[in-house]
Structure formats: C-alpha cells, structure tokens
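User: I have a structure to go through. Can we take it question by question?

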Amino acid sequence: MKLIYDYTQEQLIDEFLEMGEKKFRATQVYEWLYRKNVTSFDEMNNLSQDLRKKLNSIYCCELLKIKEKQVSSDGTIKYLFELNDGGLVESVLMIHEYGRSLCVTSQLGCNMGCKFCASGLLKKQRNLTAGEMVNQVLTVMHDTGERISHVVVMGTGEPFDNYDAVMNFVRIINYAKGLAIGARHITISTCGLCDKIEKYADEGIQINLAISLHAPNDEIRNQIMPINKVYSMDRLRESLVYYIQKTNRRVTFEYILLKGINDSLSHARQLAHYMRGLNAYVNLIPYNAVDEHGFQQSNIEDVEAFKNELLRLKINATLRKEHGRDIDGACGQLRAKKVGEAKNGNFC
Ligand code: SAH
C-alpha cells in the first residue's frame, strides 16, 4: 500500500494522471485530506464509488497509532507513535501564546552522534517518508481537535540527512489550499550539513533555518558534535553567509549550555566573535539531562551571565523556555526508553 500523505499536490496529480484519472480528482482528494480533514476515502462523497474503491485498494490514509501520550503540567504533550513497520517515533506539541507548535521527527534514530543527545543513543534505522512526517501533524491535530500553526523539524533525526523527504514534507504542510502552515512558521534545525544548507538556500522557500551550534570553537565542537570534523565551524560560517545572502533571512543558532563545557564568559565572547557580521541570533537552551551522557545543566547564574555577556557585545540572545520538564523532555528520550525496553527489557 502507498501512503497517500507521501505526495505533494503536484505528485498526486501525476499519480492520478498515470492511473487514468482526471487532474481535478487529485485536487479534490487533496482538499479532503488537508482542508476537510477526513481520514478515509469513503467519506470523500464527491468521488464516485468506483474511484473510492480504487483508492482504497492502492492507498492508505490511516493516521498513526498513538502508543503513548504524556501530558505535562504546562500543557506540552509528548506523543509516541507507532509506524506501519512497528518503528516508534516521537512528536512533541507545545502550546505557546502565538499558537501550537509541533516538533516533528525526521528519522528513526540518528547517526550524527552528538554526545549530549538522547536520539543518538539509537543508531539510524531508516529515514521517515514525507507522509510519515505529515501524519505526525495530522494525527496530533485529530487527537487534540486544534490546528497546528507552527512546525519545527527538531525531533529525532537529522533533517538534512533526509533532505528530499523533508522538503516534500514542508511543501505538503505549506500548501495553501491544504494545511497552509506558513513557511515562516516552519523551522528546520540541522547540526550543520553545509552542502545541504547551500542547497536549501537555493530552494527559494521562506522557511526558517536553525543551526545546532552548541560550541564557541572547533576544539569544543569536535568533542561534542562529530559532524564538526567533517564541516568545521569556518566551513559552517561560509555556508551560512551564502544562505543569508541568498535568502536575506536571519539564522537561529541553538546553543545548549553544558555545565563546565561551553558556558563560561570567555566562551560567550568567542561565540560573539563567531557571530559578528552574521544576520543571526542565539537561542540559549537549558540542557535536558540524559542519564547516559553525564552532562549537566549549567547553573542559572552562569546562564544569565552568558546571556548578558552576549547582549553586552550586541549579539541578540534569548533563553528558551523549557517545555515539558516533568515528562521525558529531551529529544528522543521517550523513544529511547521504549525501544530500549522492548529490546532488552531494562534499558533505563
Ligand atoms: N539533528 C537536528 C535536529 C534534531 S535535535 C539538529 O541537530 O538540529 C534538535 C535540537 O535539540 C538540537 O539543537 C539538539 O542539539 C537539541 N538537543 C538534543 N539533545 C538535547 C538535550 N538533552 N537537551 C536540550 N536540547 C537537546
């Protein structure tokens, strides 16, 4: 069975033409799926019985199975979904003043090996398809009965290691006559695959780019993020200069403060130096401790001092509000737990 959510509008039209169906039928199906939010072909009552039957025999439009759901006292909901092949993925819904934002998973596991991250505890098994990402959005909208206004591709996985599917995902949720999630409300976060950053710059889409930087110099970044040995911070900066020139958009740096590793005032100065002249700002992130890794969250005084040093040096910096502290907050934690339990019974 093919997953209907895998197709952009143009791709679905091509599929329908190949099946000998009219182009406008594809548009109708697309509207049912993304405008009228139905989850079965049988409900698409402007299609003939025959076509509905045909679609039922070729495509699947089922939502994801919700395996587990954790609701935090601040309203954050963490979902654990089961895919058709039994793979487990996490999505996190965060409630903000400006809307509802969903953090979407792009791969089953991750190969980037960042030392502080729970996702890397489990190696990549496979990429998710565009439709499996779309389905995270649809399933959460159905479960909560509320529209999702913002999407961040910041769940498990490296989106630029699954480039084509992630770009299709973005096109599908951005489609104006469908879910219509605004490009400026969509953010892709990468650990810094520079060739893909440059490709992304050439796409001409107004989606946001966030870079997981987490270090002020190559020495520290090499230790905590293996990708830095492939693309150094200078190389990363070059690709960002290209991106900013091409898109005229501001880049976000994510910077997790790790106690005693990257959180001193001198680190803040090095970071400011790195960012000088770039149209970028820093989002400082309190570390969500992952038991297996041994890193600790920086003291709040050090975090404040770090931020103030950046501000003094005229670098834009904000401190990210923590969501879902009382549930398995860190990326990949819930999934790592569950997969681990399933594998050896006593992962945690
Ligand atoms: N691979 C992509 C997206 C997934 S990670 C990337 O690297 O950006 C999403 C963000 O969460 C990254 O900035 C990542 O570094 C951060 N992160 C990972 N583990 C974390 C933890 N334990 N606490 C806080 N942030 C974490």
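User: How many residues surround the ligand?
Analyst: This is a predicted model. The closest are Gly 157, Ser 189, Ser 212, His 214 and Asn 288.

User: Which residue has a side-chain N or O atom 3.3 Å from an oxygen atom of the ligand?
Analyst: A backbone N or O atom of Gly 157 lies 3.0 Å from a ligand nitrogen. A polar backbone atom of Asn 288 is 2.8 Å from a ligand nitrogen. The side chain at 3.3 Å from a ligand oxygen belongs to Glu 254.

User: Are H1 and H2 parallel, perpendicular, antiparallel or oblique to each other?
Analyst: H1 spans residues 9–18 and H2 spans residues 23–34. Their axes are 8 Å apart, at an angle of about 135°. Angles over 145 degrees count as roughly antiparallel, and 65 to 115 as roughly perpendicular. The two helices are therefore oblique.

User: How many nonpolar residues are in the contact of H1 with H2?
Analyst: From H1 come Gln 9, Leu 12, Ile 13, Phe 16 and Leu 17. They meet residues of H2, including Ala 26, Val 29 and Tyr 30. By class, two are polar, two are charged, and the nonpolar ones number seven.

User: Is the crossing of H9 and H10 left-handed or right-handed?
Analyst: H9 covers residues 265–275 and H10 covers residues 300–312. Their axes come within 9 Å and cross at roughly 35°. The crossing is right-handed.

How values were computed:
Residues numbered from 1 in each chain as written. Predicted model: local features only at pLDDT ≥ 70, side-chain atom pairs only at ≥ 80, totals over all residues. Heavy atoms only, no water. Axes fitted to C-alpha atoms, helices over the stretch in contact; angles between N-to-C directions. Helix = DSSP H or I, 4+ residues; strand = E, 2+ residues; numbered from the N terminus. Parallel < 35°, antiparallel > 145°, perpendicular 65-115°, else oblique. Contact = heavy atoms within 4.5 Å. Nonpolar A, V, L, I, M, F, W, Y, C, P; charged D, E, K, R; others polar. Near = heavy atom within 4 Å. Polar contact = N/O pair within 3.5 Å; in protein donor to acceptor, adjacent residues only side chain to side chain. Left-handed = near helix turned anticlockwise from the far one by under 90°.
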